[in-house]
2 protein chains.
Amino acid sequence: MKVVETIAEMRRLRLELTEPVGFVPTMGYLHDGHLALVKRARAENPSVVVSLFVNPTQFGPQEDFASYPRATRRDLTMLEKGKTDIVFMPSVAEVYPPQFDSWVEVGKISQRLEGAARPAHFRGVTTVVAKLFNIVQPAKAYFGQKDAQQVVVIRKMVTDLNMNLEVVTCPTVREPDGLAMSSRNTYLNPEERRAAVVLYESLKLAQRQWSQGEKDAAKLRQTMTALIQKQPLATIDYVSIADNETLEELDKVKPPALVSLAVKIGKTRLIDNVILE
Amino acid sequence: MKVVETIAEMRRLRLELTEPVGFVPTMGYLHDGHLALVKRARAENPSVVVSLFVNPTQFGPQEDFASYPRATRRDLTMLEKGKTDIVFMPSVAEVYPPQFDSWVEVGKISQRLEGAARPAHFRGVTTVVAKLFNIVQPAKAYFGQKDAQQVVVIRKMVTDLNMNLEVVTCPTVREPDGLAMSSRNTYLNPEERRAAVVLYESLKLAQRQWSQGEKDAAKLRQTMTALIQKQPLATIDYVSIADNETLEELDKVKPPALVSLAVKIGKTRLIDNVILE
């Protein structure tokens, strides 16, 4: 496994890789969700590149860029075990030199849900992912369904801008009690950690009611909201049932529908989702 | 020479081309300036792709998209003589399907000069050029110095977004009297055509004064402005002497400086430039 810190060296080593290349972009502090992406990339491609880069442009000024958890040495050990060929971990200055001023932006669907709560978030995501795609030139790139809107936005970018690669989405990996794995779970104290299971419980409740015939999206949102509000540590940011391509809110559930939510548990903002199909 | 109208077929034929590929993006209605780009691409690459696409997203609502001159059959004859391998001429619907909503945007330098007069112009240019680069995957792409700011903006996009290709700029090709070749020259009536030479004359005047020691940018702009104002058919949009990378207006000329101007001759808006170096 080679660990590369500059774009120039990444490009040079890229030329020696056997085609096609599978690519897993991450912000590090890896968990089993990331490792499932690496495993899938490994199974589908002779070469695997993983990036570790906490991308400042996708964090708002009041958000947790500075405190975002980092554990590079542990990440590298996990990636070595996962048979990664190249780990690309550039500095912020390498990715964003002082005069940097070019952006890739997806329109309307970037403004909904997470984009409404985090205005410049997806512009940062699409810009850094476009840059990484141009540097790594993968045939396939792997993303977790946990960040559902990110997947929808990146697929849109790839389609609209004719990027020559395939986006592969992998299922959300969960803790035994159902909490979606996330690097931010490390912020939770034990009491909050127990409370955090309410996100997935509310999603399962919606899924159950839908499978029992409930098609009214407002009723499903209401049921979810009521369940979450019983949890004193939880504050709802949004509960959404939307079309999984346009991300427009639905009146009547029509599959595939994205049920997603953002909830603060204490001070930690968590997201999760399921698809009704 | 193959003429291709769909992205899928362009991708398929692209796979058969000998590397590296030289690419000349154009809006058609070709003149000797375009042909100089094709010639240079031909000399430097075993394969040459030229696109003909009048890009609607780089025209403002009050601009000349609908009336922009088109002469596809003549263009194809010229490109055949220039030994082009593939001409890519997609429809607007092929490039911009109904739900299209992803954009590539260069910041500050897109807002100056042409960008000040034409607010969404460079967003349209960078978006379509990024798409074409992703489809054609050239090693080198060729642009004319005539559109000086376009060159600066595209170079910035390529650098910032780590696009894996080289931008090659070719000198402005001029008519015998000095008028820069442009598809829009066809809009000029004979009287306007004679008056249009004032753009290049003002640039030559600035160049002469600079080479004789004049470093004061305000004085150079004033001399140019005075000359153009003597021409009754001319209306100045801007006369600029700016840094050729940041496009910031200069007080004291420091090479390389971009001397550029936009002038209406009758109803036709023309641009031209020289570099002081």
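# A quick tour of chains A and B

Let's begin with a strand that is covered on both faces: in β3(A), S47(A), V49(A) and S51(A) on one side and V48(A), V50(A) and L52(A) on the other are all buried. This is a predicted model.

**Strand β3 in chain A**

- Strand β3 of chain A runs over residues 47–52, and six of its six residues are buried.
- In a regular strand, side chains alternate between the two faces of the sheet. Here that gives S47(A), V49(A) and S51(A) on one side, with V48(A), V50(A) and L52(A) on the other.

**The neighbours of β3(A)**

- On the β2 side, strand β2 of chain A (residues 21–26) pairs with β3(A) in the parallel sense, over six bridges. Within this pairing, F23(A) stands opposite V49(A).
- Helix α2 of chain A (residues 32–44) belongs with these two strands: β2(A), α2 and β3(A) make a right-handed β-α-β unit.
- Strand β4 of chain A (residues 86–88) also pairs with β3(A), again in the parallel sense, this time over three bridges. V49(A) turns up here too, with I86(A) as its bridge partner in β4(A).
- To get from β3(A) to β4(A), the chain crosses through helix α3 of chain A (residues 72–81), and this β-α-β crossover is right-handed.

**The sheet in chain B**

- Over in chain B, six strands form an open sheet with parallel pairing, in the order β1-β4-β3-β2-β6-β7.
- Strand β2 of chain B (residues 21–26) runs parallel to strand β6 of chain B (residues 140–144), and two bridges join them. F23(B) stands opposite A141(B) in β6(B).

**Helices on that sheet**

- Helix α3 of chain B (residues 72–81) packs on the sheet and touches β1, β3 (47–52) and β4 (86–88) of chain B. Its direction makes about 170° with that of β3(B).
- Helix α6 of chain B (residues 121–136) packs on the sheet as well, touching β2, β3, β4 and β6 of chain B. The angle between its direction and that of β2(B) is about 150°.

**Where the chains meet**

- In the contact between the chains, 22 residues of chain A touch 22 residues of chain B.
- On the chain A side, β5 (102–106), α6 (121–136) and α7 (148–160) are the elements that give two or more residues. The largest share, five residues, comes from β5(A).
- Sorted by class, that side of chain A has ten nonpolar, six polar and six charged residues.
- Strands from both chains pair up here: five bridges join β5(A) to strand β5 of chain B (residues 102–106), and the two run antiparallel. The bridge partner of E105(A) in β5(B) is W103(B).

**A closer look at V106(B)**

- V106(B) lies in strand β5 of chain B. Is V106(B) buried or exposed? V106(B) is buried, because 23 other C-beta atoms lie within 10 Å.
- Leaving out residues up to four places away in sequence, V106(B) touches D101(A) and S102(A), along with F122(B), T126(B), V153(B), K156(B) and M157(B).
- V106(B) and I154(B) are 48 residues apart in sequence, yet 8.4 Å apart in space, C-alpha to C-alpha.

Note on methods: Residues numbered from 1 in each chain as written. Chains lettered and ligands numbered in written order. Predicted model: local features only at pLDDT ≥ 70, side-chain atom pairs only at ≥ 80, totals over all residues. Buried ≥ 20, exposed ≤ 12 C-beta atoms within 10 Å, placed from the backbone. Helix = DSSP H or I, 4+ residues; strand = E, 2+ residues; numbered from the N terminus. Pairing = 2+ DSSP bridges. Right-handed = clockwise from strand over helix to strand, strands pointing away. Contact = placed C-beta atoms within 7 Å. Axes fitted to C-alpha atoms, helices over the stretch in contact; angles between N-to-C directions. Nonpolar A, V, L, I, M, F, W, Y, C, P; charged D, E, K, R; others polar.
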